[in-house]
Amino acid sequence: MTDPSMYPTDVVRTVPEGRVVYGMQLPIQSQSTLYVAPWEKQAGPGELAKIARVADEAGFFYIGVCDHTAIPARLSDAMGTTWYDTTATLGWLAALTTRTHLLSHVLVLAQRHPLRAAKELSTLDLLSGGRLIVGVGAGHVPEEYELLTGGFADRGRHTDEAVSALARAFTTEFPELPGPRFPASGLGISPRPVRQPRPPIWIGGSSPAALRRTAAFGDGWLPQGTRRRDLPDHIARIRALREELRGGAPLDIGTIVEPIHLAGVTGDWELPSYVLKGGPAEIASSLRELVALGVNHLQVRFMARSAEEFCQQTEAFGAEVGPLLAP
């Protein structure tokens, strides 16, 4: 059991009270064969920049960039090997956008020393005008984790310590770092983040350990692979743990929505059965069912045959579906 003294002493709300917001994991920047579309394989920075700007203008609350450093050959067929660097890409996106938050989705935090991570992320928050959301996870690739950190079996404990250390480094220029892996340094971290008291930290994952980590350390939750029918149980578990560990402190709760295709926007085509498709009212009605469960941030992704079609779907969602999502 993690020492309660490691829990952050503050809570940073990201989603404005009473609002439901939506964001996206950007295409192109990660190309796992589990979700990459054919057009993404020929796309690059130009298309990525255009999609990010369209999302920014369409009112998307965040755009997200994934994190993997090295993919072992045994997983390359499933995961691909194209994974843009998280902090470098978010820094580039900060200069291309003006309003949308910039989300690490999710950073394998324990693979970095927390002072190095705090330096990079605080700089990103400063350069973006306080638009950073730090999404973190424990990681799932043994070879990558062993290479960069070691002790894959202990990644949960490592992650708890790293999140606690990062929160302290965000709030204190000369932080005392918790846990045996990060002794007190007496070293200062600057520049300081713009967001006060610190940038928000959202915890990724849907395992029992991830739910407990969310309740103990997180300002928000980013589920990974949670099916719609399982969401009520997971939310109930997080809230019960939040009451036990943090006295019921508020928490932003999200979910990843089924792939979406807005009918009539770019021409209809044959789509897999798992796609959420229809007009704006129909899509919004389905998403409001998730809101009724307690979700206040929705991650969406669009089925498209080109970067242009992806942009058109993004614009239409912001204009026609977003306004219908109020709880």
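Biologist: Why is Glu258 called partly exposed?
Modeller: Glu258 has a relative accessible area of 26%, and the term covers what lies between buried, under 20%, and exposed, over 50% (1.4 Å probe, protein chains only), so Glu258 counts as partly exposed. This is a predicted model, in which local features need pLDDT of at least 70 and side-chain atom pairs count only at pLDDT 80 or more, while totals for chains, interfaces and linings use all residues. Residues are numbered from 1 along each chain as its sequence is written, and side-chain values use heavy atoms, with hydrogens and water left out.

Biologist: What makes the contact of Arg228 and Glu258 a salt bridge?
Modeller: The side chains meet at 2.9 Å, N to O, and the rule asks for a side-chain nitrogen of Lys or Arg within 4 Å of a carboxyl oxygen of Asp or Glu, so the pair qualifies. Arg228 lies in the loop between β6 (220-222) and α8 (231-246), and Glu258 in the loop between β7 and β8 (260-262), so the pair ties together parts that are 30 residues apart in sequence; helices (H or I, at least four residues) and strands (E, at least two) are DSSP runs, numbered from the N terminus. Arg228, with 25% relative accessibility, is partly exposed as well.

Biologist: Which parts does the salt bridge of Asp252 and Arg13 tie together?
Modeller: The two side chains meet at 2.9 Å, N to O. Asp252 belongs to strand β7 (residues 252-256) and Arg13 to the segment before β1 (21-25), so the bridge links parts 239 residues apart in sequence. Asp252 is buried at 0% relative accessible area, whereas Arg13, at 32%, is partly exposed.

Biologist: What makes a set of residues a nonpolar core?
Modeller: Its members are buried Ala, Val, Leu, Ile, Met, Phe, Trp, Tyr and Cys residues joined through side-chain atoms within 4.5 Å. The largest such core has 80 residues, among which Leu287 and Phe317 touch the most other members. Helix α6 (residues 155-171) gives the most to this core, with 7 residues. A second, separate core of 9 residues includes Phe61, Tyr62, Leu103 and Val106.

Biologist: Which residues is Phe317 in contact with, leaving aside its neighbours within four places in sequence?
Modeller: With contact meaning heavy atoms within 4.5 Å, the list includes Tyr22, Phe60, Ile260, Leu262, Ile283 and Leu287.

Biologist: In what order do the strands of the barrel close?
Modeller: The 8 strands close in the order β1-β2-β3-β4-β5-β6-β7-β10, with parallel pairing, and the twist averages 25° from one strand to the next. Two strands pair if DSSP finds at least two bridges between them; strand β3 (residues 101-108) and strand β4 (residues 132-137) have 5 bridges in the parallel sense, so they pass. Ser104 stands opposite Val134 in β4.

Biologist: Why is the protein called as compact as a globular protein of its length?
Modeller: The protein has 10 helices and 10 strands. Its radius of gyration, taken over C-alpha atoms, is 19 Å, close to the 20 Å from the globule rule (2.2 Å times the number of residues to the power 0.38) for 327 residues, so the description holds. Buried residues make up 57% of the 327 residues.

Note on methods
Axes are lines fitted to C-alpha atoms, for helices over the stretch in contact, and angles run from 0 to 180 degrees between N-to-C directions.
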